[in-house]
Amino acid sequence: MCGIVGYIGDQQAYPILIKGLHRLEYRGYDSAGVALISQSGELNVYKEKGKVVALERLCEKTDVTGTIGIAHTRWATHGEPNASNAHPHYSESRSLALVHNGIIENYKVLRLELEKNGVTFRSETDTEVLVQLVEFMMNSHHCDLYTAVQLALKNVVGAYAIAILEKSHPDTLVCARKGSPLIIGVGKSETGRPEYFLGSDATPIIEYTDKVIYLNDEEIAVMDRTGRLEITNLANVKQTPQLVTLQMNLEELEKGGYPHFMLKEIWEQPNALRTCIKGRLDRENSEVVLSGIIDNKEKFQNCRRIIICACGTSWHSALIGKYFIEEACQIPVEVEYASEFRYRNPVIFPDDVVVAVSQSGETADTLAAIQLAKEKGAFLYGICNVIGSSIARATNSGTYLHVGPEIGVASTKAFSGQVITLALLGLAIAKVRGTLDTKFYQMLVDELYQIPDKMQWTLEHNKDIDKFAERFTYCKNFLYLGRGYNYPLALEGALKLKEISYIHAEGYPAAEMKHGPIALVDAEMPVVVIAPKKGMYDKVVSNIQEIKSRSGKIISVVTEGDTVVKGMSDYCFVIPDTRDCFVPLLAVIPLQLLSYYVAIAKGCNVDQPRNLAKSVTVE
């Protein structure tokens, strides 16, 4: 949600900033802007509603010179999407320009106070309140920008990642964060002089440097052309930054010949999961090796229960994880929407383990949920994809997905990575608790090792989905049905269709169809049924017969060799045989492809669906 890019050094800033904004487009946005201190000393701000290309057109006939600048993609919260509300925002004197991710919760109170002191506002945003407050502090306290930012942020309630320029100090860039991610890239220009980059994440930085500093909450950094980089907190205590090497390469951020990132990431899943299990799944010795479990063995041996907190797609993967962990480990598992968990005063015991699942590691509600659990003494375990993210740093231990950057807004390979990681977690906990028969444990390890190859088979044998997907563009509603492990997958399949094709879809436990949804079934209602020849197969067949008797259109996912459900289906996808607990890792492939091709047939922007952001870093 929203994106920040910044640069100070010897290079021209504008090309770096624009390229960085393009790299951040996957986060979701509705306007874009850039601020530069030109070679003539002017502080120029250019911003436009719409995509980054609209901003580029605006800048074609403007002065975009300068070797220091900040840029932003905005996802509207306060104020409608338009050029006035887009970032960067000037201060009243136009001597400061600021970009901001997050939400200032007390902005109305601050705005009223500033207006009483004669400040005039140009926009409806909470961000302009912040830049006006910084300037007010500079004037009222007769201090420099760095001190003014400290003073201003002490009065702010909410989340922020900010970067700010001052016209009279073109050699200095100031930034700060609380509750919204911000990283500093450290590099050297061709002249050998230091240069610094800012980013909401690593994507706009990796092209220039792999050395970064992750700012912590309530830290403020100042950078200048001499190589000075100082970080303090709001109490003015100097901090010692830790330089981290990024584990990412530029090729991972390109489409690699695919028309969209989403399709690329669907096809990347077999290799992504091979990377995810590498070094963790020892097939030869039938062992799962997770250092987060080994190093905290007693916590998992003695825990009363496991609570998994997540949002969106991560919540669906958590439900699958719940089914597996309860079955394998014989321990109660609760799955909570982090957005509800954090506000309902949940009962948490010191011997609980709270697992936070998030692709980005920056999901605001999930971060708040684990902070609540930490205050109550629970052990915190993080599962996320982004190394150095806030959740990774806030938890006691955890496991990275290692599935590579996910650029498409609709999660695909991160979902699969979360499901297989939760399976690894369940097997590792079962081992330390001694809850699985040795032979059965070894069989599960062996089967899990084969999943990436079976995913590849599934991709190769479902290539023709695009040939009939356009037949469903007329639909207003879809119903997805599954039982057991496949019920959460039905939820995920429905979410994917909603996210990128804007067709309403619902996921349901198949047995609950008769408790309401069957009333919707008619010749215009496609029903997607996940029907592997495992578990409650006969009962799912019965559900399909009920749908067919009401003229419903059946789209099924079946096990290779199945003839019964295939014969009852209007359209059928095939997956190889596997254990019922691992079916979601295979069956998700055709559901993702179905959503993708229906959206393409409708002419939708699958990588940047309307109103959505890749990571929800504010409430």
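Which residues in α7 meet which residues in α15? From α7 the contacts come from Gln269, Pro270, Leu273, Arg274 and Ile277. On the α15 side they meet Leu448, Tyr449, Ile451, Pro452, Asp453, Met455, Gln456 and Leu459. Before going further: this is a predicted model. Helix α7 covers residues 269–277 and helix α15 covers residues 438–460; their axes come within 8 Å and cross at roughly 170°. That angle is over 145 degrees, so α7 counts as roughly antiparallel to α15.

Next, the antiparallel sheet. This sheet is open and has eight strands, in the order β3-β2-β4-β1-β10-β9-β11-β14, with antiparallel pairing. At its edges are β3, residues 43–49, and β14, residues 243–245, each of which pairs on one side only. On average, neighbouring strands here are turned by 20° against each other, with direction ignored. Helix α2, residues 52–59, packs on this sheet and touches β2 (31–37), β3 and β4 (68–74). The direction of α2 makes about 135° with that of β3.

Ile8 has Tyr196 as its bridge partner in β10. Ser200 is in the loop between β10 and β11, the latter being residues 211–214. With a relative accessibility of 3%, Ser200 counts as buried. What does Ser200 touch, leaving out residues up to four places away in sequence? The contacts are Cys2, Gly3, Ile4, Arg27, Asn101, Pro181 and Leu182. For a sense of distance, Leu43 is 157 residues from Ser200 along the chain, and their C-alpha atoms are separated by 23 Å.

Now the parallel sheet. This one is open with five strands, ordered β18-β17-β19-β20-β21, and the pairing is parallel. Its edge strands are β18 and β21 (397–400), each pairing on one side only. Neighbouring strands are again turned by 20° against each other on average, direction ignored. Strands β19 (residues 353–358) and β20 (residues 379–384) run parallel, joined by six bridges. Within that pair, Val354 has Leu380 in β20 as its bridge partner.

Two helices lie across this sheet. Helix α10 lies across β17 (306–310), β18 and β19, and runs at about 170° to β18. Helix α12, residues 364–375, lies across β17, β19 and β20, at about 170° to β19.

Last, the rings. A pair of aromatic rings is described by the distance of the centres and the angle of the planes. The count comes to 14 aromatic pairs. One of them is Trp315 with Tyr337, which is stacked at 4.1 Å centre to centre with 5° between the planes. This pair links distant parts of the chain, with Trp315 in helix α10 (residues 313–329) and Tyr337 in strand β18 (residues 333–337), 22 residues apart. Trp315 has 12% relative accessibility and counts as buried, while Tyr337 is at 38% and counts as partly exposed.

What makes the pair of Phe468 and Phe472 edge-to-face? Their ring centres are 6.4 Å apart and their planes stand at 85°, so the pair falls in that class. Phe468 is buried at 9% relative accessibility, and Phe472 is buried with a relative accessible area of 3%. Both belong to a cluster linked by ring pairs, which also takes in Phe478, Tyr480, Tyr571 and Phe573.

Two charges over rings complete the list. The charged end of Arg304 sits over the ring of Phe349, 3.8 Å from its centre. Lys431 lies over the face of Tyr441, 4.8 Å from the ring centre.

Key: Residues are numbered from 1 along each chain as its sequence is written. This is a predicted model: local features need pLDDT of at least 70, side-chain atom pairs count only at pLDDT 80 or more; totals for chains, interfaces and linings use all residues. Side-chain values use heavy atoms; hydrogens and water are left out. Rings of Phe, Tyr and Trp (its six-membered ring) pair if their centres lie within 6.5 Å; planes under 30 degrees apart count as stacked, over 60 as edge-to-face and the rest as tilted. Helices (H or I, at least four residues) and strands (E, at least two) are DSSP runs, numbered from the N terminus. Buried means under 20% relative accessible area, exposed over 50%, partly exposed in between (1.4 Å probe, protein chains only). A charge sits over a ring if NZ of Lys or CZ of Arg is within 6 Å of the ring centre and within 35 degrees of the ring normal. Two strands pair if DSSP finds at least two bridges between them. Axes are lines fitted to C-alpha atoms, for helices over the stretch in contact, and angles run from 0 to 180 degrees between N-to-C directions. Contact means heavy atoms within 4.5 Å. Angles under 35 degrees count as roughly parallel, over 145 as roughly antiparallel, 65 to 115 as roughly perpendicular and the rest as oblique.
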